[in-house]
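Biologist: Before we discuss this chain, please show me the sequence and the model, and then take me through how its features are read.

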Amino acid sequence: MRLAFVTGLFCLLSAVLSLSVVDNKCIAQSKWATPAQVEGPYYPRIKPKEVDSNLLEVRGLERPDGVPLRLEGKIFDQKGRPVESARIEIWQCDNNGVYNHPKAPKGDTFDVRFQGFGSVVTGSDGYFSFLTLMPVPDHKRPPHIHVKIFRSGREQLTTQIYLKDHPDNNRDGLLSLMLYPGQRKLLIDPVDIMLGKGLKGKAASFNFVLSKNF
Ligand SMILES: [Fe+2]
């Protein structure tokens with residue numbers, strides 16, 4: 001009982017202090033679903049030929065410019081149970097802030113070596129992992145990665161995640177909406193890591209909690 005109280009207090013303090021690394025125990029006890037955010041204008045109209053978890057490899061092409069990022073985590077429901085067989089999609093701009101989309105500003109050229117969109121299905125433990133790029137600012141907004149999660153073919157969450165302490169965050173209206181009490185901010189805090197085969201990069205984890213309303 002006392003341990004549960006202390007753990008709960010730690011989770012509460014973590015949320016209040018905006019710590020971005022919250023372990024699974026906290027997530028499991030959290031009743032707060034991951035906040036939704038707008039889809040934005042650049043969800044791919046046409047999915048790339050390769051749709052997988054490695055956005056840095058497009059067959060026949062070299063690796064794109066930018067800092068590699070391994071983004072991993074788990075998906076839970078609001079009772080703290082891992083969500084198996086959920087499909088999670090991410091999409092983001094290339095290292096020059098350009099999306100692979102017809103609505104991208106004229107004159108912008110997308111780096112075709114970057115897949116720009118990825119999708120993977122969670123295992124029985126709710127785990128997912130992507131290899132992508134560290135997000136960079138696009139023309140108007142701070143660095144972010146767009147996310148959609150589907151369960152049994154139904155869309156359950158659309159949101160965006162951001163870099164902890166990035167100076168542009170404070171200027172973003174969408175992100176500042178996430179600051180009200182009780183909501184965990186949509187932040188990741190990547191750390192330096194070797195991603196294998198001499199590939200230097202970053203790694204970050206983020207756990208999603210799906211709303212029970214679905
Ligand atoms: Fe965006």
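**Reading contacts, strands and core**

Modeller: Leaving out residues up to four places away in sequence, Ala36 touches Leu157, Thr158 and Thr159, where a contact means that the C-beta atoms of two residues, placed from the backbone, lie within 7 Å. This is a predicted model, in which local features need pLDDT of at least 70 and side-chain atom pairs count only at pLDDT 80 or more, while totals for chains, interfaces and linings use all residues. Residues are numbered from 1 along each chain as its sequence is written.

Biologist: How many residues separate Ala36 from Thr158 in sequence, and what is the C-alpha to C-alpha spacing?

Modeller: The two are 122 residues apart in sequence, and their C-alpha atoms are 5.5 Å apart in space. Ala36 itself sits in the loop between helix H2 (24-29) and S1; helices (H or I, at least four residues) and strands (E, at least two) are DSSP runs, numbered from the N terminus. For the chain, among contacts between residues at least 6 apart in sequence, 73% join residues at least 24 apart.

Biologist: Is Ala36 buried, exposed or partly exposed?

Modeller: A residue is buried if 20 or more other C-beta atoms lie within 10 Å of its own, exposed if 12 or fewer, and partly exposed in between, with C-beta atoms placed from the backbone. Ala36 has 14 other C-beta atoms within 10 Å, and is therefore partly exposed. Of the 214 residues in the chain, 34% are buried.

Biologist: How many helices and strands are there in the chain, and in what order do the strands of the open sheet lie?

Modeller: The chain has 3 helices and 10 strands. Strands of a sheet pair through backbone hydrogen bonds, either parallel or antiparallel; here two strands are taken to pair if DSSP finds at least two bridges between them. An open sheet of 5 strands, with mixed pairing, has the order S3-S2-S5-S6-S7. Strand S3 (117-121) and strand S7 (187-188) are at its edges with a single partner strand each, so one side of each lacks a neighbour in the sheet.

Biologist: Which pairs within that order run antiparallel, and which is parallel?

Modeller: S2 (residues 87-91) and S5 (residues 144-151) are antiparallel and joined by 5 bridges, with Glu89 partnered by Lys148. S5 and S6 are also antiparallel, over 8 bridges, and His146 stands opposite Gln160. In the hairpin of these two strands, which has 2 residues between them, Ser152 takes a positive phi near 50°. S6 and S7 pair in the parallel sense over 2 bridges, and Tyr162 faces Leu187 across that pairing.

Biologist: Why is S6 described as largely enclosed?

Modeller: In strand S6 (residues 154-163), 7 of the 10 residues are buried, so the rest of the structure largely encloses the strand. Strand S4 (residues 127-133) is mostly covered, with 5 of its 7 residues buried, and 7 bridges join S4 to the antiparallel strand S1 (residues 68-76).

Biologist: Which residues touch the most other members of the largest nonpolar core?

Modeller: In soluble globular proteins, nonpolar side chains tend to be buried together. A nonpolar core is a set of buried Ala, Val, Leu, Ile, Met, Phe, Trp, Tyr and Cys residues joined through C-beta atoms within 7 Å. The largest one has 38 residues, of which Ile75, Ile149 and Ile161 touch the most other members. The elements that give two or more residues to this core include S1, S4 and strand S10 (208-209). Apart from neighbours within four places in sequence, Ile161 has contacts that include Val147, Ile188 and Phe206.
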